[in-house]
Each structure stands twice: as structure tokens, then as C-alpha cells.
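Open the model in your viewer and keep the selection panel ready.

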Amino acid sequence: MPRYLWLRIVVVLAVIVASVILVSPRDWRGQPRQPINLGLDLQGGIHLVLGVDLDKGIENVLDRMAGDLRTALQRKGIGAQVTRQGRAGLTVQLASAQAFPDAQRALADFTEFDTRAQDAAAGRIELALKEKVITDRRNSFVDQGLKVIRNRVDQFGVAEPTIQKQGDNRILVQLPGVQDPARAKALIGKTAVLEFKLVDDQVDPTRSEGVPAGTEVLYGRRVDTRTKTETRVPYAVRKETLLTGDLISDASVRVSDVGEPYVSVTFDSVGARLFGEVTEKNVGKSLAIVLDGNVHSAPVIRERIPSGQAQISGGFTFEEASDLAIVLRTGALQAPVQVLEERTVGPSLGADSIRKGVISTLAGALAVFLFMVIYYRLSGAIADLALVLNLLILLAAMAWFQATLTLPGIAGIVLTIGMAVDTNILIFERIREEFRLGKTVRAAIDAGFRRAFTTVIDTHVTVVVSGAILYQFGTGPVKGFAVSLMIGIVASLFTAVFFTRVVFDLIYMGRRRLQTLSI
Amino acid sequence: MLQILVNTHFDFVRWRRWAYLISGVAIALSLAHIAYQGGLRYGIDFAGGTLMQIRFEQPITVNALRQALGRVQAGESVIQEFGDAQEYLIRVPVGSGSLDDISKRVDGGLRQAGLPGFEVRRLEFVGPQVGRDLQWDAVQAVLWGMAGILVYTAFRFDFKGGVAAILALMHDVIISVGAMSLAHREMSLPVLAALLTIVGFSINDTIVTFDRIRENRGRGLRKGETLADVINAAINQTLSRTVLTSLTVFLVVAVLFVFGGEVLRDFAFVLLVGVVVGTYSTIFVAAPIVLDWEAWSQRRQPGGKKAVVKVGAGR
């Protein structure tokens, strides 16, 4: 046997061995493993595309800064109203125009702002957030969101989640095998801004003429423990935020004496000091605990609380309490998110799809196998062997690239079966043709492979081109289809050309006078 | 040796006028039907909206389901049997509320109506923004796919060959989409994937035939041989291969159509049509266009090699 043939046989064997190792369901220690990742459509789970509301995020930043400004002015004894104006500005209206120079000096510390307009006589200053600050913040919102969501998912406990930035302001979240998609979604999408505000006892929140400036009406829900009915309860609260969730160092679920779960919150050192001050100054008043604009509870402050511990109760189920603890621990989203796309697949549908996929693959392969053997006899059997090798390499390559197998991906595999034999048919038809022209078996095989080759390359390039474009523009499952199609087609170059040639050479080698060819 | 279509001598290019007519009618019919329907029927991937796939423990009727949904004002939704009478797709158009809201309403409606137990197997929500993005991506994908193939074929053959191949390809895509519209099937992401697969696959036959035309022309024309003869010979020589490979792909796609389940049925349908149309267009459309174009451009060069072409073998 010539040396080149030996070499080729070694190459083929090496590829087979490597592929088998890659797709084997056990690793070298004999531990079971999953060689190929299954897509959400096959194993069930939830796929979410979240849009980060950057404009709202900037508004939140401004609202927070308005509070900071107000506090800074108050410290200097300057009374002022600070309101957000438009998307990037704040208006400071002083209580008395005399304080204008002092206010100007105090505001100079806030370097994030440019002064847009000022009116000393009216005691009004208009501030605009600097462009660069806006750009920086907008850029950071998505990254911050990614981090927070990743932490929440980790604490929720999902195996192999995907959390990625998509485009400028989108976040892709894929959670395989999640049993309760609604709960997972609520957990991930919660903005989780926690604020502590004083309840304004002087104001009746239900009164028809509205509440005075500096006070707003927020709602809470109360669940009747016996009838399980929910009612909305209005609260009149002071607008200033006394404390926020940023200052929380830990949150955990506890169960009260009456068996009702609540969330215990621990402030960090700064938060604990502030909480102590707030509770000391407001003994006898109610402190509303507001999460994302909803009042969870509004307990009366009985005494100063120095420990930096607070309790949030509010008719939670255990799950709700534990999810709340997670979002409080992982922090708030600086910019809220909304669901732009959601796809949830139940596990039974996934199992169904796998079953149908396997049946189609086997049936498709069987049909092609039979056809090839009937039509091309021995050569057809060789092509079938090449096809089996093709499937093996395809799966191995998917395992190697850690590609994800989806239902359209399975369709891609089935299609590959049909297309991969194309190459062999092309070559065999050419061999037959050459043979009819009166060439010897060897010469016909040689000419067939050689002449068909350029055509084979052409057909492969076009499929790969359209596959690559499909991959580029396709989403989710369609990407899976493009991947399996491309890998299968490239693998068929090796199996249908290289491998079949080796087998042909092995069979017909040295038999120069051979007159018949099983093709 | 089992053989089909070997040593054939069909005069394919002679029938090309008929082929142009048939193709023209098919394309016109496709476009007219799409226009008549007021555009393609888009699935929620492109139109946006909410989709629920629900499997009941026992078969129920569409009417029972519609009544149940009517009670919770989800009556404007489209209800479609999915596979058998136990499984249904409920689609609610975009703007009818959030996914949670809709799924809660549907859930409540089905329970109140006393329908058999059920399981929600799939829930999909595509917002209008994402739907528009996906539409744009789809258009880009098809155009770039064709552009890529045009560049490659123009590079491998010549500009005329490239254009003829692309025309044949557009022919295949339009008729496949038209067939989809006629069969009341929806444009979805998998269907788009199928269309692009047709783009990649149906060009194959064309390339094989073009390769052969070039090979035959490279040998030089024999005395009395016209370009039409060369093209005919090339089509005939590659005929068995063209038909056989289309047959194998057709076989597996038919298997997918039958066994692949509802989710893949539209995908398989488009491929079935595309494979057949693609094979036809290779033989009857792509190569004849090259012939007519060559003949036309040679006629425009006075004193050119008129004798070589003699278009249409007598027509």
C-alpha cells in the first residue's frame, strides 16, 4: 500500500477517534456528562429580551440628585424647592431671593451640572446635567443591569444561565429548565428601588382636593388573611426620601411569631447611623417602606432604632419574601427594564420536540441510505458510511464549539443528510460518465473525483455563504439551524471527498485490469 | 447498474419560451395572491403579539375554546388547532396587554369554562419593537444572502452567469413565498431560514450546470455546434445528478414535513416547494437566460459571431 494512503487512513482514524471522544456521554473518568447543550426549545425554559429604559434611568438619577441638592441647601439653612425639568435639567427655586449668593456657592460643589440660566431677583437657578455625565451614565446603565441581573439569577439558582448584552440597550436572559417563568421574570425585571419615606399624618390621602406640595399619594396592598382578597390602600407620604436601599448590606427572610414571613434588612454603617437619626427624630410617626413606588408597610416608629435593622412585612408568601430579599441584596436597577420579547417553552414540549427530531433524523437518514445503496450499490454503501461519519463529525464539532442544539438545528442536521450526499452523487455520476466513455475503472475514479472537485467547492461555498448570513441575522433557534448546516456542509467536504476516496482506493487499489465497478 | 436519465438528449432550451411563460404566470400569481391578501401573513415573530400553545388532557372543539376565551375578552384572538384536537395555538394581537395579563386572563377563562385540564406548553411574546427589528433583519438576510451569492457566481463564472443565477434564485424565492401565501401559511423565523436555505441550495444545481457549460465551451465548439447545443448538452449531462440530489433533499424534507411536528411543518413546506421549483428553474430558467442574453448581446455587435449562436435551435 502506498505511503500516502497510509497517511490518509491515519488521518481518517484520528478524526473518528477524536469525534467519538467529543460526543461520548461520559468523560475520561467515566463520569456522565452532557456533550451537547440543548437549546431552550428542547429542554424547556425561558428566553427574555429586556430593554433598558435609559431615559428613565437618567430621570431617576436627576430625581436622586434633586434630593441631594435639597439636603445640601438645607444644611446651609437655605430653603428651596428642587424639581426635575425635562429630561436633563433641575430647577432650584429658593424660598427667599436673598439666599441667592449662598445657594450659588453651595451648588458649585455639584460639578455634574452646568448652570443653564439664573435669575437672582426671582431666586431661581436652572441646572442642566453635563452631556458627558449623561453619556457615561447611559453607558453604565446596561452594564449595571447585567451585573445586578446576573447576581439575582445566581441567587435564584439557575444552572447555566445566559445573560448577555444585546445591541446598545438590550439584555438577553436565557434560563434553561426554569419551572416558574412568571416568578423568574418578576425577580429579574424588578427595579427594586427601596425608599423610606415619612407618612404625612396631617393629610387625608383620599381627600378630593388633592394633597399639598411636598406630599404625594402612594398605594399599598393589604391582603385579608381569611378571605384572601386584596385591597389597595392609599398613603399620603412626604416626598423626601430619608433612606434608600443603596445603604443595605444584607437582607434575609425571617418568619414572625404568627408564622408570617417577612424580610429583615440590615443597613451598612452609614445607613445604620442615618436610620438611627431618622427614627430618633420621628418617634410616634409612621415610616412608609416603599418599593418601586408601592408601599409595602408603614409601621409606626416607637423608639430610636440604633441597630440598623428594619423589617419589611406586608402579607408575603414565603416565595415573595425570599425573592424580595434577593432583589434587596443584589441592589436596584439604576434604569428600569421592560420585557421586549419573551419565549417560554414547557419541558413536555421540549421532550416532544426531541422525540420528533430524533424520529425525523432517523427516518431521513434511512430513506437516503436505502436510496444510495439501491442506486449505487457498493459505492452507495460507501457514501452511506461517509454520511454516518459526517453526522458523527457534525455532532463532535457542535460539542467542540459548545454550540447549542435547537429544534431548527435538528432540521439543519436532517437537511445536511440530504445535502451531504449531493457531493457523492456528483462524484459518482461523473465516474459513471467517464466509465461510459470507455475509461478503465481506475482512470474513471481518478477523473470522476478530479473533475467533480471544482463543482463540489462551488456548491459548498454557496451553502456556507447563505449559512453565514443566516447566522449573522438570525436569532436564537435560527442561529442553531445555521450552525448545524454550516458545520455539516464543511464536514461533508472531508467525508464525501477525502474519506470516500480513501475507501475507493483501498478497494480498487492495485487492480488495474478491473473491468467492473459497483457504482 | 440502476440508472435514470442517462444519455438523454432533451432539447431543453427549445422549450424555454414556454418555461418563461409558466414561470412568469407563477410569479404573477404569487405576487397577485400576496397583494390580494394585503401582504404576507406574518407570525408573531414579525408582527409582534402573544402566543400560547395549550394542550388539553382530552380533545375539545375550537368553538368550546372560543367561547371560553370570549368570556374573558380574549375573543379577538386567533385560535388554531395544532396537530390534533387536544392542542391549540391561541394568538393575541399586539397591544392587547402584557403577557402576564393575557396569560392570566386565558388561564382564568379556561378554568371557568370547565374545560378539561390543560398545560401551557409554550408562551411567546414579541413586542412591536422587536418584531420590527426582526423584520428588518429578515429583509437584510435575504438581500445579503443573494448579494453574497451574486458576488461569488459572478466571480466564478461571469457577470451574465451571476445575474442569470440570481434571477433564477429570485424566481424560486418568490414562488416559494407565493405557495406559502396560497397555502395560508405564515412567515416566521423558521420559514425565513427555509427561504435562505433555498437560496443556498437551489443555486447549487445552477452552478453545477454552469460549471458544465463552461467546461464544454472550454473545449471549443465543434463544427455546426451552437451555444444552444452546448447548453443543452450540459443540462443533459448533469440532468441525472440534478434530479438525484434534489430527490435526496426532497426525501429528507418530506420526512421532516411528516414526522418533524407542527413547529417545523411550515419550514418543511417551504423547502418542499423550493426544492422542486429550484430544480425546475435550473433546467428551464437559469441556463436559457444565459443563452438569450449571449444571443442578444452578440446581435448587438454587427458582424459578430452570428453563426455560432443561431438561437433557439429553430424556433
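Two residues are in contact if their C-beta atoms, placed from the backbone, lie within 7 Å. This is a predicted model: local features need pLDDT of at least 70, side-chain atom pairs count only at pLDDT 80 or more, and totals for chains, interfaces and linings use all residues. Residues are numbered from 1 along each chain as its sequence is written, while chains are lettered from A and ligands numbered from 1 in the order in which they are written.

Start with chain A. Color domain 1 (3-44 + 346-508), domain 2 (56-132) and domain 3 (190-344) of chain A; such bounds come from an automatic or database domain assignment.

Now select domains 2 and 3 of chain A. Their centres, taken over C-alpha atoms, are 28 Å apart. Four residues of domain 2 of chain A contact five residues of domain 3 of chain A. The domain 2 side of this contact has no nonpolar, three polar and one charged residue. Here Ala, Val, Leu, Ile, Met, Phe, Trp, Tyr, Cys and Pro count as nonpolar, Asp, Glu, Lys and Arg as charged, and the others, Gly among them, as polar.

Next, show chain B. Helices (H or I, at least four residues) and strands (E, at least two) are DSSP runs, numbered from the N terminus.

Finish at strand β18 (residues 337-345) of chain A. Five bridges join β18 of chain A to β4(B), and the two run antiparallel; strands pair if DSSP finds at least two bridges between them. Pick Val345(A): its bridge partner in β4(B) is Arg122(B).
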